[in-house]
Amino acid sequence: MAEAATKVFQHLIRFENVGLRYGMGAEVLRDVSFDIPARSFQFLSGPSGAGKTSLLRLLFLSLKPTRGLITVFGKDRSRITRRELPLIRRRIGVVFQDFRLLDHLTTYENVALPLRVRGREESSYRGDVEELLKWVGLGERMHVVPPVLSGGEKQRAAIARALIEQPEILLADEPTGNVDPPLARRLLRLFIEMNRLGTAVVIATHDLGLMEQVDARRMILSGGKLDIYD
């Protein structure tokens, strides 16, 4: 798999009095301050429309804040150039609600895609991709295309794709929203194991039962404000 970054920051990402608005509308996020420590595990929760997806987009650097300071791997977000952005994003894995798998590629090819984009030879990563797919329970499904997969299998393929570059942070947006409780518990175990191996995990979820299974920090968004319970 990809080499882990050699430089370790105590706080991988830090928000200081961050605000976000779209256009001339009211602020979606107001005076949000928190940090994501290395190797930490946290849940992000709150009612629909509270701003969870917007906060995840800020974490993934696909949005810029309207005000405030975001520091990513020790660097001011406002000073990150377009050229630097892809390199930094490789250190952040993302699992989207809609999976974003490419239907014309097999499960194996979807998971391997981030490595192919980087220009790596298949011989250098084939074993890692196959091992990871077996780890998430898709060893027998690696050569089929996404339309053939169930919702839970697509979710696991998306998680495998997010893991393949060994990110320092994983952002998961409602990763158990489309699966039954037994599979949700299995996916949660994958995230816990990933965290044990050194990745900081942020899971956005409405599932209170899921959160009760892990002794982790809870970040609750409501009305654009963030409360944190350690």
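Visitor: Which residue of β2 stands opposite arginine 21?
Guide: Glutamate 27 does. This is a predicted model, in which local features need pLDDT of at least 70 and side-chain atom pairs count only at pLDDT 80 or more, while totals for chains, interfaces and linings use all residues. Residues are numbered from 1 along each chain as its sequence is written, and side-chain values use heavy atoms, with hydrogens and water left out.

Visitor: What makes β1 and β2 a pair?
Guide: Two strands pair if DSSP finds at least two bridges between them. Strand β1 (residues 11–21) and β2 are joined by seven, and they run antiparallel. The two therefore qualify as paired. Their hairpin has five residues between the strands, and there glycine 23 takes a positive phi near 60°.

Visitor: How do you know that β4 and β5 pair?
Guide: Strand β4 (residues 67–72) meets β5 over two bridges, in the antiparallel sense. At least two are required, so the pair counts. Threonine 71 has aspartate 76 in β5 as its bridge partner. β1 and β4 pair antiparallel too, over five bridges. There isoleucine 13 is partnered by valine 72 in β4.

Visitor: Why are β2 and β5 called edge strands?
Guide: The open sheet of four strands is ordered β2-β1-β4-β5, with antiparallel pairing. β2 (27–37) and β5 (75–76) each pair on one side only.

Visitor: What is the order of the sheet of six strands?
Guide: This open sheet runs β6-β7-β8-β3-β9-β10, with mixed pairing. β6 (92–95) and β10 (225–229) each have a single partner strand, so one side of each lacks a neighbour in the sheet. Neighbouring strands are turned by 15° against each other on average, direction ignored. That angle comes from axes fitted to C-alpha atoms, for helices over the stretch in contact; angles run from 0 to 180 degrees between N-to-C directions. β7 and β8 run parallel and share five bridges. Isoleucine 169 has alanine 200 in β8 as its bridge partner.

Visitor: Why is valine 202 called buried?
Guide: Buried means under 20% relative accessible area; exposed is over 50%, and partly exposed lies in between (1.4 Å probe, protein chains only). Valine 202 has 0%, so it is buried. Its place is in strand β8.

Visitor: What does valine 202 touch?
Guide: Contact means heavy atoms within 4.5 Å. Not counting residues up to four places away in sequence, valine 202 touches Ile36, Gln42, Leu44, Leu56, Leu170, Leu171, Ala172 and Met219.

Visitor: Why is helix α1 described as largely enclosed?
Guide: Helices are DSSP runs of H or I with at least four residues, strands are runs of E with at least two, and both are numbered from the N terminus. Helix α1 covers residues 52–59, and six of its eight residues are buried, so the rest of the structure largely encloses this helix. The buried ones are Lys52, Ser54, Leu55, Leu56, Leu58 and Leu59. Just after α1, leucine 61 takes a positive phi of about 70°.

Visitor: What makes a nonpolar core?
Guide: Its members are buried Ala, Val, Leu, Ile, Met, Phe, Trp, Tyr and Cys residues, joined through side-chain atoms within 4.5 Å. The largest one here has 39 residues, among which Phe41, Phe43, Val129, Leu133, Phe191 and Ile203 touch the most other members. Elements that each supply at least two residues include β3 (41–45), α4 (126–135) and β8 (200–204). The largest share, seven residues, comes from α6. Beyond four places in sequence, valine 129 contacts Tyr108, Val111, Ala112, Leu115 and Ile164. A second, separate core of 34 residues includes Leu12, Phe34, Ile36 and Leu171.

Visitor: How do you know that the chain is as compact as a globular protein of its length?
Guide: The chain has seven helices and 10 strands. Its radius of gyration is 17 Å, close to the 17 Å that the globule rule gives for 230 residues, so the chain is as compact as a globular protein of that length. The radius is taken over C-alpha atoms, and the rule is 2.2 Å times the number of residues to the power 0.38. Those C-alpha atoms fill a box of roughly 45 × 40 × 35 Å along the principal axes. Of the 230 residues, 50% count as buried. Among contacts between residues at least 6 apart in sequence, 71% join residues at least 24 apart.
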